[in-house]
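The following note sets out points for a colleague to check against the coordinates. Please read each point beside the displayed structure.

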Amino acid sequence: MQPIVKLEHAKKSFGDNEVLKDISLTVNKGDVLAIIGPSGGGKSTLLRCLTLLETLDAGDLSYGDLEVTKTDASGKAVYGGKDVLKQARTKFGLVFQNFNLFPHYTVIKNVTDAPINVQKRDKAEALAAGRALLEKMGLAEKEDMVPCELSGGQQQRVAIARALAMNPDVLFFDEPTSALDPELTQDVLKVIRELAAEKMTMVIVTHEMNFARDVADYLIFMDGGVIVEQGRAEDVINNPQQERTRAFLSKYEEE
Amino acid sequence: MLEILFSGFLFTAQIFITTLIGALPLGVIVALCRMSKFKPLALITRGYISIMRGTPLMLQLMAWAYGPYYLFGLSMGADWKFVACSIGFILNYAAYFAEIYRSGIQSIPKGQYEAASVLGYTRAQTFMKIVLPQVIKRILPAMGNEIITLVKDTSLAFVLGIMEMFSQAKALASSQVSMLPYLLAGAIYWVFNLVVEMALVRIEKKLSYYHD
């Protein structure tokens with residue numbers, strides 16, 4: 001079976017700062033992959049490259065059988081044309097740390113505007129699908145509100161609904177609870193747990209170690225632009241093999 | 001007397017509306033050119049804005065009205081002054097509007113563009129649906145300032161011999177040796193601006209359903 005996401009030998013620098021040094025990862029259908037590691041370790045950049053917000057310097061990236069970028073003979077990443085990128089964007093969704101909802105749109109419009117105007121889906125069908133998603137997020141009665149009237153946790157759930165409304169093959173999360181206080185964090189984590197139970201393919205950058213252990217099948221620990229350790233989530237968190245992983249995880253236990 | 005002033009007011013209102021209809025959309029285009037990644041275009045636009053803002057509007061109006069004859073010996077007909085007046089006002093105000101649009105566009109967080117990109121919006125859709133509506137809310141107070149200034153700037157058309165309200169007031173004042181026409185004209189400008197202010201408040205209220 002084709003993996004949903006396949007990234008090989010990804011490299012990315014900002015000026016002299018090498019942020020990603022030869023990263024490879026594969027996400028199969030139904031997998032939940034958690035990425036943990038210290039700030040500045042390259043997690044966010046990795047996610048931004050996967051979601052085409054940044055371009056790789058080198059590496060091969062494909063979604064299913066769609067080849068997005070391939071390293072040429074000189075070692076540089078060559079991206080596909082506009083059509084390829086457009087198609088690639090239909091394969092994934094991204095949930096941001098600070099939500100990035102459209103403040104001038106109501107909740108339901110945030111969720112249905114792209115399905116209607118980007119995917120050109122039937123209005124009534126998109127609306128029904130959007131409402132079903134909001135219902136699932138526990139936000140059924142909020143559809144006519146604007147984001148500023150919602151709590152952070154509610155906003156983040158709208159953002160998850162917005163991403164899911166596009167029916168992506170894989171959903172990326174970039175520290176989805178870092179901007180939330182602990183109580184609201186739980187609401188969002190609960191929703192992600194439910195998605196995991198439904199076998200939604202997900203890649204989650206997170207600082208919530210217990211959550212990562214519970215919800216993720218696989219886990220990657222990144223530091224200094226490399227994957228230091230990876231494996232089954234439980235194994236890596238309960239029984240880390242690398243000194244750097246151990247040092248990182250011990251800081252969380254102290255808290 | 002009021003009748004004559006009102007006949008002038010029609011020209012005043014016409015200049016005002018023509019300028020807004022032309023300069024509000026043109027300002028967006030100028031702002032986008034000014035921010036273009038294509039350097040020559042950005043540079044030319046910067047020059048244009050600099051000249052429009054750096055020289056008197058009165059001088060610009062005269063240049064458009066008399067330039068064709070003085071520079072090229074073209075006689076443009078009696079109605080040319082109205083066209084010249086529109087060109088002068090629209091190009092001048094588009095430059096001011098462009099800088100206000102630019103400040104608004106640059107204040108929109110990067111995350112809005114990123115969210116739109118991931119959802120697959122095209123660049124045009126992102127600008128028209130996501131960015132511009134938010135920009136309008138943010139720049140409304142600054143725009144209000146310019147629009148109110150425009151009401152008063154319409155009086156500059158007197159240098160082209162267009163009989164707008166100020167020209168009429170001036171003619172009346174000198175023929176009747178009276179201050180009254182100026183007072184009345186001033187009052188009409190002020191009332192006009194009250195209406196403009198009320199309209200602006202209304203739009204602001206309409207856009208206050210959200211904050212960010």
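Across which strands of chain A does helix α1 (residues 43–50) of chain A lie? The points below begin with that matter.

1. Basis of the model. This is a predicted model, in which local features need pLDDT of at least 70 and side-chain atom pairs count only at pLDDT 80 or more, while totals for chains, interfaces and linings use all residues. Residues are numbered from 1 along each chain as its sequence is written, and chains are lettered from A and ligands numbered from 1 in the order in which they are written.

2. Helices on the strands of chain A. Helix α1 (residues 43–50) of chain A lies across β1 and β2 of chain A and runs at about 120° to β1(A). Helix α2 (residues 82–89) of chain A packs on the sheet, where it touches β4 (58–63), β5 (66–71) and β6 of chain A, and its direction makes about 120° with that of β5(A). Helices (H or I, at least four residues) and strands (E, at least two) are DSSP runs numbered from the N terminus. Axes are lines fitted to C-alpha atoms, for helices over the stretch in contact, with angles from 0 to 180 degrees between N-to-C directions. Contact requires C-beta atoms, placed from the backbone, within 7 Å.

3. The open sheet. Five strands of chain A form an open sheet with antiparallel pairing, in the order β2-β1-β4-β5-β6. Because β2 (17–27) and β6 (77–79) of chain A stand at the edges with a single partner strand each, one side of each is left without a neighbour in the sheet. Neighbouring strands of this sheet are turned by 20° against each other on average, direction ignored. Strand β1 (residues 5–14) of chain A pairs with β2(A) in the antiparallel sense over eight bridges; pairing requires that DSSP find at least two bridges between two strands. A:S13 stands opposite A:E18 in β2(A).

4. The enclosed strand. Five of the five residues of strand β3 (residues 32–36) of chain A are buried, so β3(A) is largely enclosed by the rest of the structure. A residue is buried if 20 or more other C-beta atoms, placed from the backbone, lie within 10 Å of its own. A:V32, A:A34 and A:I36 point one way from β3(A), and A:L33 and A:I35 the other way. β3(A) runs parallel to strand β9 (residues 202–205) of chain A, joined by four bridges, with A:M202 as the bridge partner of A:V32. Four bridges also join β3(A) to strand β10 (residues 218–223) of chain A, again in parallel, and there A:Y218 is the bridge partner of A:L33.

5. Chain B. Chain B has eight helices and zero strands. Buried residues make up 30% of its 212 residues. The C-alpha atoms of chain B fill a box of roughly 70 × 45 × 25 Å along the principal axes.

6. A helix crossing in chain B. The axes of helix α2 (residues 39–54) and helix α4 (residues 80–106) of chain B come within 9 Å and cross at roughly 115°. α2(B) is therefore roughly perpendicular to α4(B), a term for angles of 65 to 115 degrees. Residues making the contact include B:Y48 and B:I49 of α2(B) and B:L91 and B:N92 of α4(B).

7. The interface. The contact takes 17 residues from chain B and 19 residues from chain A. α5(B) gives the most to the side of chain B that touches chain A, with seven residues.

Terms used: Contact = placed C-beta atoms within 7 Å. Parallel < 35°, antiparallel > 145°, perpendicular 65-115°, else oblique. Buried ≥ 20, exposed ≤ 12 C-beta atoms within 10 Å, placed from the backbone.
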